[in-house]
Amino acid sequence: MISGRTSNLRESGVAYLFLAPAFLFIVVFIAYPLVYSFYLTFTEYDFVYDSAPKWVGIKQYVSIWRDKNFISSLKNTLVFAVFYYAIVMFFSLIIAFIIDELGKGQTFYQLAVYLPIIVPLSLAGVMFVWILDPTFGVFNHILRSLGFEALGNKNWLADYSTALPAIVVITLWKYIGFNVIIFLAGIQSVGRSVIEAARVDGVSFFQEKFLVILPNIKIHLSMASLYSIVQAIKVFEVPYVTTRGGPGTATLTLYLYSWRTAFGYFKMGKAATIAYITAALIIFFSFLSNKFLEEKGE
Amino acid sequence: MIRKKSTLLILYLIATLVALIFLAPFVWIIFTSLKPSKEVFSYPITLFPRSITLEHYEYVIFKMSDFRRYFWNSTIITGVSLAIIAISSSLGGYALGRKNFWGKNWFIAFILLVLAIPYSVYLIPIFIMETRLGIKNSYLALILPYVALNLPWGLFIMMGTFRGVPSEIEDAARIDGCSEYQLWSKIMLPLAKPGLATTIIITFIFIWQEFIYAVTLQTDARWKTLPVGIVHIRDELQSLAYDNLSVAIILSLLPLFIVFVALKDFFIKGIVEGGLKG
């Protein structure tokens, strides 16, 4: 409707005014920190002793690989991510398929699976420390009453081999519902006629789900995949609350290590470097996931 | 075509088992909160409460002043952040959804990127900044970053909502002589209410749960929010005070529970649409 240079300028001016409050917040608390912490990765900056960051070039990026704690936290994060991602994608898809089939009571089943979403990860951690308590916890109690005496006396969060899997399980409990929401939205957007037609052709339950519905929910798959990658790599609250990264460094994750380096040891340059490597991992895997799901789509 | 009865029965069985697994932690915490302390720490433990008491609720609500303080802090910080997010995202979303201006696509691309980058990247500079300004351990310490971190979601949802308003409505209002501000406040905003509700619910759930910023920027116990405060109480007690802790957890989940159950569809819409655009 509006044309000409002056009205365009006017429209831009109005738009900038409307955007100004949001823009201001995003520049000061997101854009500037993003740039500043990138700058910090090229510095040494002890927040307690140094008055200003000291430029050291790429030294942080080189020396970090000789840090044993960094290597363990990288390894733990990747192991966590691989198991978490595979399980969360698979189970949430299956659960969504099943819930979609239910007639009566569908809302109840949805709500049951969605409910952990409202629990802050830190409180999920506190809850599970209690549930997994070796003596008074309900989990071991049930194991013992089922006759698994040896397993029923395990201290899951303090055992070197079970601490990380326990954290995977707690995180799964919290986030599976998140993916189920996305998958259900996808499944329910597939036209009934497509499914009816396939059923007339006599496809089995699994053929219908994996050969008819799955190719039709590519967008939802890649969306759930992106959310899951972010969740899989930024592991912080659960180990912070349940294990403090231990036993040893069994559950030390990149996020936790970066945080401890910054706010426990106040080595801001090194901490920013770890944070940036973590961010790079997330972006790399997101990119990979996008590429993979796109190619499959063609 | 309807599935065979036997198939449906199996599906219901699996679904029920899954639902039980997901609900079990809640049930256990509720049971713990209702048992007398002696029963909570009896061995072997009891699955179902043998006797029921409300003494832990009484204690946490009336005697645990720390808990009340944390609840209050969470309420203020979440409430003020939500108000600022609601205003600035419905203003900004309008500009992004209905106006053309230089730099728009760059801005959208940038907030897309923000959604993928972990929060900790911003945390170190924000910590340094807030230390220099002396605003750590205050309401502002969390309100400012919470607004910024949740704005990308709000902007996306509001941008989509405003984009969906038919342009005939805008043209008609202009012909009637509406000013830009009137157009936004009288015509557009009322039409964007569902989007605004989605934004508020999603950000409410995110902010009430936030942990990393809260644990870093509020080092003084006085200013802690619930997710950090409850962990703090646990660490302070150094013992298994899970009877009272269970109550504290239940009470701090209550606002989230009420909002989620009542307005679930808005939350779902926000998650799915926010993601589809991103």
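This is a predicted model: local features need pLDDT of at least 70, side-chain atom pairs count only at pLDDT 80 or more; totals for chains, interfaces and linings use all residues.
**Chains A and B, and a helix pair in B**

How much area is buried between the two chains? About 9100 Å², with carbon and sulfur atoms giving 80% of that. On the chain A side, the residues that lose the most area to chain B are Phe18(A), Ile118(A) and Trp130(A), and together they make up 9% of what that side buries.

Now the polar side of things. The rule finds one salt bridge across the interface of chain A and chain B. You can look it up on your screens: the side chains of Asp235(B) and Arg244(A) meet there, at 3.0 Å, N to O. Besides that, the count of residue pairs in polar contact between chain A and chain B is 20, with both residues at pLDDT 80 or more.

Helix H8(B), residues 167–175, and helix H9(B), residues 180–191, have axes that come within 11 Å and cross at roughly 145 degrees. Their crossing is right-handed. From H8(B), the contact uses Ile169(B), Glu170(B), Ala173(B) and Arg174(B); H9(B) brings Glu180(B), Leu183(B), Ile187(B), Met188(B) and Leu191(B). By class, the residues of that contact are six nonpolar, no polar and three charged.

Definitions and conventions
Residues are numbered from 1 along each chain as its sequence is written. Chains are lettered from A and ligands numbered from 1 in the order in which they are written. Side-chain values use heavy atoms; hydrogens and water are left out. Buried area is the accessible area (1.4 Å probe) that two parts lose on being put together, summed over both. A salt bridge is a side-chain nitrogen of Lys or Arg within 4 Å of a carboxyl oxygen of Asp or Glu. A polar contact is a pair of N or O atoms within 3.5 Å; within protein, one must be able to donate a hydrogen and the other to accept it, and residues adjacent in sequence count only if both atoms are side-chain atoms. Axes are lines fitted to C-alpha atoms, for helices over the stretch in contact, and angles run from 0 to 180 degrees between N-to-C directions. Helices (H or I, at least four residues) and strands (E, at least two) are DSSP runs, numbered from the N terminus. A crossing is left-handed if the near helix is turned anticlockwise from the far one by less than a right angle, and right-handed if clockwise. Contact means heavy atoms within 4.5 Å. Ala, Val, Leu, Ile, Met, Phe, Trp, Tyr, Cys and Pro count as nonpolar, Asp, Glu, Lys and Arg as charged, and the others, Gly among them, as polar.
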